[in-house]
Amino acid sequence: MPIRLFDSLTREPRELKPSHPDGVFRFYNCGPTVYAPAHIGNFRTFVVNDVLRRLLELEFGADKVKHVRNLTDVDDRTIGQTQKEKRPLAEITKKWTDKFHADCDALNCLRPHVEPTATGHIREQVSMIECLMEKGNAYRAADGSVYFKINSFPGYGGLSRIKERELKVTNTVADADHKDSVSDFALWKAYKPEEDGDVKWPGPRGASEGRPGWHIECSAMSKKHLGDTIDLHTGGVDLLFPHHENEIAQSECCNGTTFAHHWYHSEHLLVEGTTMSKSKGNYYTLSDLVEKGYSPMAVRYALLMGHPRKQLNFMLDSLRAAESALRKLNACFEQLYTKLKTLPEVPTRKVHWGVFEPVWVALVEDLNTPAAIGALFTAIDQIPFASLSESESKDLYIGLTQSKAMAFGIPHTLEMSASLSGSGTLKGSANLSIVERKNSEVPAAITALAEKRWAAKQAKDFATADALRKELAAAGWSMLDSKTDYKLEPVKK
Ligand code: AMP
Ligand code: ZN
């Protein structure tokens, strides 16, 4: 059964498949803005994308999916925070990036294969802006900023059908004076000492020094790490307009080809009927909930208990229900362990779901996570534990592990060994290759370290860059820098 996912562009479910001849599915997910803690609304989006990534890997093969998720570490909000706190940008973004990573790990979200930062890709953004200026899609304004000329791209509005709604939203009073048209948007923002502090880079040819606009970062990083055309681009529903509409305009005008074959937007998490958001202050972080005694897995469960394309109202009661459901799931594993002499190998590709087939069916039909979790528990209820043979138990164990990994993720063998140590029979023998496997070439953790180091070097934070180089070396990788790029190589022994 192919994976069918709602496509925001055509507004219907469409099959997901790799379009490149190498068979690698190229997946870009807009990442967090690292100026404050991510709240569980943000994590609804990231957890949904994690299930999607796991589904893609099971369908196409773990080495046939490339997942890129950026970190927005320079924009109005991050700069605003440096002004508020009177601390350097890199210090603030590092703090919240580390917290984001810790929360992702706690929620069992797989790290993306590449996690590029906006500050680490200034050069790529500048060259894309220069390309748009040369092609006549962008112009320099009187203050030295650069704007994208919306009426130079006839396809503008195709994703959001914005023409039907009028182009009002991009219009900001602050920069209205400099633009040819109120709906043009900023690609490059000229440096303003009173607002920007010391955050500035040399601009595109002919423009002032300053910093990139928010939208160009995803176009440039997606091009660098996934190429001109990607298979799937995702984010929360608020990103559809103007962020994704602008990304399409920038990428398609510069590259002269289709930007993304498929767009997917998940809906928001609400609190008492309104969107959970940092600016409204009506949010819970993962730490808030852990402090109240809930486990991160219960949070993950609760976030998946609404259809991702429908708004979900968050309630603490749902965490209590989640905890009891998870206890039931663990009890089911415990019962299976007692029937098994050794744990069977869990295949990394879809082979045998058995009674758990409905879990897979629910997920491949537009990522229906609540139906999948419902199907998982229905299947568990029907297992005749008392009369199971070893081979039946083996099949059930494989199906259950795969279903559990889809919905909840399993970080590494430790979790399993820990839970097994209680039963005393199978300690340490778990083979969870479904989640343990490494990327075919450079491990994601190493790429992440390298990206961090490159970003630090670009930001002229040489102390951090050196420390990260040492960390990489200790992990067995050396980073070879050229002026504009880097290469990772295993340290020769
Ligand atoms: P930000 O850190 O604000 O750039 O947002 C990171 C991701 O979280 C984006 O994909 C947003 O669309 C998404 N997001 C923001 N608020 C919510 C919410 N209340 N519920 C679900 N996703 C959200
Ligand atoms: Zn983005």
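## Ground rules

Residues count from 1 along each chain as its sequence is written, while chains are lettered from A and ligands numbered from 1 in written order. Because the model is predicted, local features need pLDDT of at least 70, side-chain atom pairs count only at pLDDT 80 or more, and totals for chains, interfaces and linings use all residues; side-chain values use heavy atoms, without hydrogens or water.

Helices (H or I, at least four residues) and strands (E, at least two) are DSSP runs, numbered from the N terminus.

Cys 30 is buried at 5% relative accessibility, and His 243 is buried at 1%. Buried means under 20% relative accessible area, exposed over 50%, and partly exposed in between (1.4 Å probe, protein chains only).

## Helix 9 and helix 4

Helix 9 also packs against helix 4 (residues 122-134): their axes come within 9 Å and cross at roughly 70°. That makes the two helices roughly perpendicular (65 to 115 degrees; under 35 is roughly parallel, over 145 roughly antiparallel, the rest oblique). Met 128, Cys 131 and Leu 132 of helix 4 make the contact with Gln 250, Ser 251, Cys 253, Cys 254 and Asn 255 of helix 9, where contact means heavy atoms within 4.5 Å.

Leu 367 lies in the loop between helix 13 (357-364) and helix 14, and is buried at 1% relative accessible area. Its C-alpha atom is 8.4 Å from that of Val 48, although the two are 319 residues apart along the chain. Beyond neighbours within four places in sequence, the contacts of Leu 367 include Arg 4, Leu 52, Tyr 264 and His 307.

Helix 14 (residues 369-381) packs with helix 15 (residues 390-408) at about 155°, with axes 11 Å apart. The pair is therefore roughly antiparallel. Ile 373, Leu 376 and Ile 380 in helix 14 meet Leu 400, Ser 403, Ala 407 and Phe 408 in helix 15.

Definitions and conventions:
Axes are lines fitted to C-alpha atoms, for helices over the stretch in contact, and angles run from 0 to 180 degrees between N-to-C directions.
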